[in-house]
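This report walks through a single protein model, from its overall make-up down to individual residues. Please keep the sequence and the three-dimensional view at hand while reading.

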Amino acid sequence: MTANWNWKDKDGQSGGLLYEPGNWGDVIKGAWVVRIMGAVQRLGAERGAWIYRDVFAGAPSYPLTDRTRQRLGRVGLEALAAATEGFRTEGLWPSAAAIAHAVMGPAAGISYELMDADPARAAAWRTCSWCEPVEAGNGWEAALETPVSARTLLVIDPYDCIAGMEYALPVLRAHADRCSILLYVYNRSARDREHLRQYRAFRSALDAVRRERPMLLGRVPADGFLPSAHHEMVFLPHGDAFPPPAVDALRTALEADTLCVDGAIAREGVFPEL
C-alpha cells in the first residue's frame, strides 16, 4: 500500500516521507490541471454533468514557501498564476482539486468528489462547501469501487504510483475505457537499473491498458542540479468527453507548458542564483 506522507514546513522540518508543497511536480501538475479544466469549461455540460474525482487529494491547501514563489516567477505560466493567485495572496499553495475549482469557478454541471486517507486532510475537505467527500478505506479502493462515466475525470496522484503498481494497474484496467484519467508518476528510473526496470514494466502495462486510445505524457526533471528523478503527467482522455479537436488543442497547450517548466528547471541548474 502507498505509504503515508507529511509535508515540509517553511523550515524544511517534517517526519516520515517528505513532500514539499509547490515543488516542480506540483507546478507541472497544476499547469496540466489548468489546461484540462479549461478544456472541460469550453466543452460545457451539454451531454451531461462532469465529475472531478481525486482519490489522493491531499489537503485543500498548504503554506506557500518562498521557493514556490520563485518557481512561479521563473516559469511564467500566466494561466497557472491566475488560477493560484487568490491562494497565494493569502500565503497558501492550492491542491490540484482547489486549482480545478478555481478554474471552473461557480460553473454548474460539475461536481468534485475528493478523498484522502489521512484523517486531518479528510477533515479539512469536509469543511469545503463545494466538494463531496468520498468514503473509502483508501484511495485505491475509492478509485476502483466508485462508479465512473465518460465525463468523469479521475485524478490519481499517490505518493509513489510505481511502488504501488499492484494497486494502480487494477484501477487503470477497470477504468481506462470508461472515463478520463489524469495520472501523476514519480519516475525514479535515473537512479539505478532496478528503478529503470520498474518504470519500463509500468509503462508496458500502461500501454497495454490504453491500447489505441490517445495518451498525452509530459516529463520534467525533479531539479536542475543533478536530477535523480522526474515528474511525469499522463492524461488518458475519453473519446466521448474529449473529441479529437479538443485532444489536439490540449496536446499543443500541454506540450508548450511542459517545455516552459522544463526550461525553467534547466535554467535553474545551468545558471543558479547564488
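## Overall make-up

Helices (H or I, at least four residues) and strands (E, at least two) are taken here as DSSP runs, numbered from the N terminus. On that basis the secondary structure of the protein comes to 9 helices and 11 strands. The radius of gyration of the protein, taken over C-alpha atoms, is 18 Å, close to the 19 Å that the globule rule (2.2 Å times the number of residues to the power 0.38) gives for 274 residues, so the protein is as compact as a globular protein of that length. Along its principal axes the C-alpha trace spans about 55 × 45 × 40 Å.

If a contact is taken as heavy atoms within 4.5 Å, then residues 24 or more positions apart account for 72% of the contacts with a separation of 6 or more.

## Basis and confidence of the model

This is a predicted model, in which local features need pLDDT of at least 70 and side-chain atom pairs count only at pLDDT 80 or more, while totals for chains, interfaces and linings use all residues. Residues are numbered from 1 along each chain as its sequence is written, and side-chain values use heavy atoms, with hydrogens and water left out.

The pLDDT, which is the predictor's confidence in each residue on a scale from 0 to 100, averages 90 over the protein, and 92% of the residues score at least 70. Over residues 1–5, however, the pLDDT is below 50, although this stretch has 18 contacts in the model beyond near neighbours in sequence. Residues 7–17 likewise stay under 50 in pLDDT, and for them the model has 25 contacts beyond four places in sequence.

## Helix α9 and its packing

Helix α9, residues 244–270, has 27 residues and reaches 38 Å from its first C-alpha to its last, which is close to the 39 Å expected at 1.5 Å a residue, where the expected span is 1.5 Å times one less than the number of residues. Among the buried residues of α9 are Ala246, Val247, Leu250, Leu254, Val261 and Ile265, and the list also includes Asp257 and Thr258.

## Aromatic pairs

Rings of Phe, Tyr and Trp (its six-membered ring) are paired if their centres lie within 6.5 Å, with planes under 30 degrees apart counted as stacked, over 60 as edge-to-face and the rest as tilted. By this rule the count comes to 6 aromatic pairs. One of them is the edge-to-face pair of phenylalanine 56 and tryptophan 140, at 4.9 Å centre to centre and 65° between the planes. This pair links distant parts of the chain, since phenylalanine 56 is in the loop between β3 (50–54) and β4 (61–63) and tryptophan 140 is in helix α6 (residues 139–145), 84 residues apart. Phenylalanine 56 is buried, with a relative accessible area of 17%, and tryptophan 140 is buried at 4%.

Phenylalanine 235 and phenylalanine 242 also form an edge-to-face pair, with 5.4 Å between centres and 90° between the planes. Phenylalanine 235 counts as buried at 0% relative accessibility, and phenylalanine 242 is buried at 2%. Elsewhere, ring pairs link Tyr52, Tyr112, Trp125 and Trp130 into a cluster.

## Residues in loops

Aspartate 160 is placed in the loop between β8 (152–156) and α7 (165–175) and is buried, with a relative accessible area of 11%. The side chain of aspartate 160 reaches the backbone nitrogen of alanine 163 at 3.1 Å.

Alanine 190 sits in the loop between β9 (180–187) and α8 (193–210) and counts as partly exposed at 47% relative accessibility. Leaving aside neighbours within four places in sequence, alanine 190 is in contact with Pro227 and Ser228, and the C-alpha atoms of alanine 190 and alanine 229, 39 residues apart along the chain, are separated by 6.0 Å. Glutamate 90, in the loop between α3 (78–88) and β5 (92–94), is exposed, with a relative accessible area of 62%. In the loop between α8 and β10 lies arginine 211, whose phi is near 55°, a positive value in a residue other than glycine.

How values were computed. Buried means under 20% relative accessible area, exposed over 50%, partly exposed in between (1.4 Å probe, protein chains only). A polar contact is a pair of N or O atoms within 3.5 Å; within protein, one must be able to donate a hydrogen and the other to accept it, and residues adjacent in sequence count only if both atoms are side-chain atoms.
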